[in-house]
Amino acid sequence: MWANFFGGYRTSKSGVAVNWRSALSVTTVLACARVRADGHATVPWKLYHKPEGSNVPTEARTHPLYDLMATAPNEWMTSLEFRETQSFHVDLAGRSYAFLNKLPNGRILEMILLDPARVAFKQHPDYSRTYTLQGLDGTTQTVSGDKIWHVKGPSWDTVEGLDIVRFASEAIGLALAAEESHASFHRNGVMPSGILSVEGNVNEAGLIRLAAWVRRHFGGADNVGKLMAVDRNAKFLPVRMNGVDSQHLETRKFQVERICEVMRTMPIMIGFSGDKNATFASASEMFLAHLVHTVRPIHRRFEASADLFLLTKEERAKGFYTGFVDQEFLRANAKDRAEYNKSALGGSSPGWRTPNQIRADDEEPPIPGGDYLYVPANMVAIGADGKPIFLTAPKAPVAGE
């Protein structure tokens, strides 16, 4: 039952044991996991309410779940820390579990994140779920499915998420083996900078004295460029990097790209660019691709899961739903943000956001008349019936009429 408690090591063909813990020691895996977690955790996460017949959602600040999501799910974790750890669990273990401490009426008091290795999941023939939790003291307790928020990664059996680390163990194992090999290479010093050869036989004591003399007079940064003068017709033969050494470095670079593929992270997002001809324009497109193909799927996965496990059917029917504030990514680019807001207000097509919604992005208070949508024709407001409202001054009365 608890076979995976210590990580469930699997030996790859490279001879290196791979699990989530050893995988994190690969800098590429760690960097990808952090980038993905940042995209998930640093964006505001809120609860919204859009009642039937309304086109304008509002923040459900009075709902008990709002503060748990946006600020603190429990007394010792912030919302950012909670979601950051969730992201690591889903990416490296394929699943995330959070215990929902509920009142008898179903209200969630707190959400406590659990170590996936301490949770055993079982689905019964009637499709009901139970979870067996192992405490820090070794005791176990079984709880019903409505007490656990279970977030799955990509899944095959619809029950558990795929263990991506295990499926990618060969790529990660080769990266580990390459790093260990490279570290051993430098630790053992098997690659000297050159060879000093002299004529005649030199005993061990002579070799030791010669090596010490060379280090003393020509070793270190202060002695770079000095002219070396030795007797006995000595010759210095520099040792240069050969093709095997170069290929070793290429292998390490290749593994960076393979792991980025598995983690669905653009290499440039972890500071690696295999394309030496990348320009500012191409880099900008890569950043956009990261938002579309990496961050957005993460947001949608957790939104859908939260709607299912944290809200009741009745609450969903009333128009409650969770959502990430994706516009947060535009904060760093004032120009793109201004263009987006201009279009959203109806600069070249019917608007889909109101001035007050845009002001709310910057925590600005609403303004009178700021809840109207606009169309481009003279930027007139659209009424509740979808027809333009021509805000013209009242006609002055004419004498005798």
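A nonpolar core is here a set of buried Ala, Val, Leu, Ile, Met, Phe, Trp, Tyr and Cys residues joined through side-chain atoms within 4.5 Å; buried means under 20% relative accessible area, exposed means over 50%, and partly exposed lies in between (1.4 Å probe, protein chains only). Element names follow DSSP runs numbered from the N terminus, with helices (H or I) of at least four residues and strands (E) of at least two. Because the model is predicted, local features need pLDDT of at least 70 and side-chain atom pairs count only at pLDDT 80 or more, whereas totals for chains, interfaces and linings use all residues. Residues are numbered from 1 along each chain as its sequence is written, and side-chain values use heavy atoms, with hydrogens and water left out.

Leaving aside residues up to four places away in sequence, Leu-47 touches Thr-58, Glu-59, Ala-60, His-63, Leu-65, Tyr-66, Met-69, Leu-311, Phe-320, Tyr-321 and Thr-322, where contact means heavy atoms within 4.5 Å.

Three strands in the order β6-β5-β10 make an open sheet with antiparallel pairing; two strands count as paired if DSSP finds at least two bridges between them. In general, strands of a sheet pair through backbone hydrogen bonds, either parallel or antiparallel. Strands β6 and β10 (148-152) are the edge strands, each pairing on one side only. From one strand to the next, the twist averages 25°. Helix α4 (residues 79-93) packs on the sheet and touches β5, β6 and β10, with its direction at about 140° to that of β5. For such angles, axes are lines fitted to C-alpha atoms, for helices over the stretch in contact, and values run from 0 to 180 degrees between N-to-C directions.

Within the sheet, six bridges join the antiparallel strands β5 (residues 95-102) and β6. Tyr-97 has Leu-114 of β6 as its bridge partner, and Asn-101 stands opposite Glu-110 in β6. The two strands form a hairpin with five residues between them, and Gly-106 in the turn has a positive phi of about 95°. Strand β6 (residues 108-114) is mostly covered, with five of its seven residues buried.

Seven salt bridges are found in a search of the whole structure, each being a side-chain nitrogen of Lys or Arg within 4 Å of a carboxyl oxygen of Asp or Glu. In one of them, Arg-36 pairs with Asp-91, the closest N and O atoms being 2.8 Å apart. This pair links distant parts of the chain, since Arg-36 belongs to helix α2 (residues 27-41) and Asp-91 to helix α4, 55 residues apart. Both partners are covered: Arg-36 is buried with a relative accessible area of 13%, and Asp-91 counts as buried at 10%.

Two further pairs involve partly exposed residues. Arg-166 forms a salt bridge with Asp-163, with 3.1 Å between the closest N and O atoms, and Arg-166 counts as partly exposed at 26% relative accessibility. Asp-326 and Arg-300 also meet in a salt bridge (2.8 Å, N to O). Asp-326 sits in the loop between β13 (320-324) and α11 (334-345) and Arg-300 in helix α9 (residues 280-310), so this pair ties together parts that are 26 residues apart in sequence. Asp-326 is partly exposed at 26%, and Arg-300 is partly exposed at 36%. Elsewhere, salt bridges with shared partners join Lys-46, Glu-59 and Arg-61 into one network.

Finally, the cysteines deserve a look. A search of the whole structure finds zero disulfides, a disulfide being a pair of cysteine sulfur atoms within 2.5 Å. For Cys-32, the nearest cysteine sulfur is that of Cys-260, 3.8 Å away. Cys-32 is buried, with a relative accessible area of 0%, and Cys-260 is buried, with 2%.
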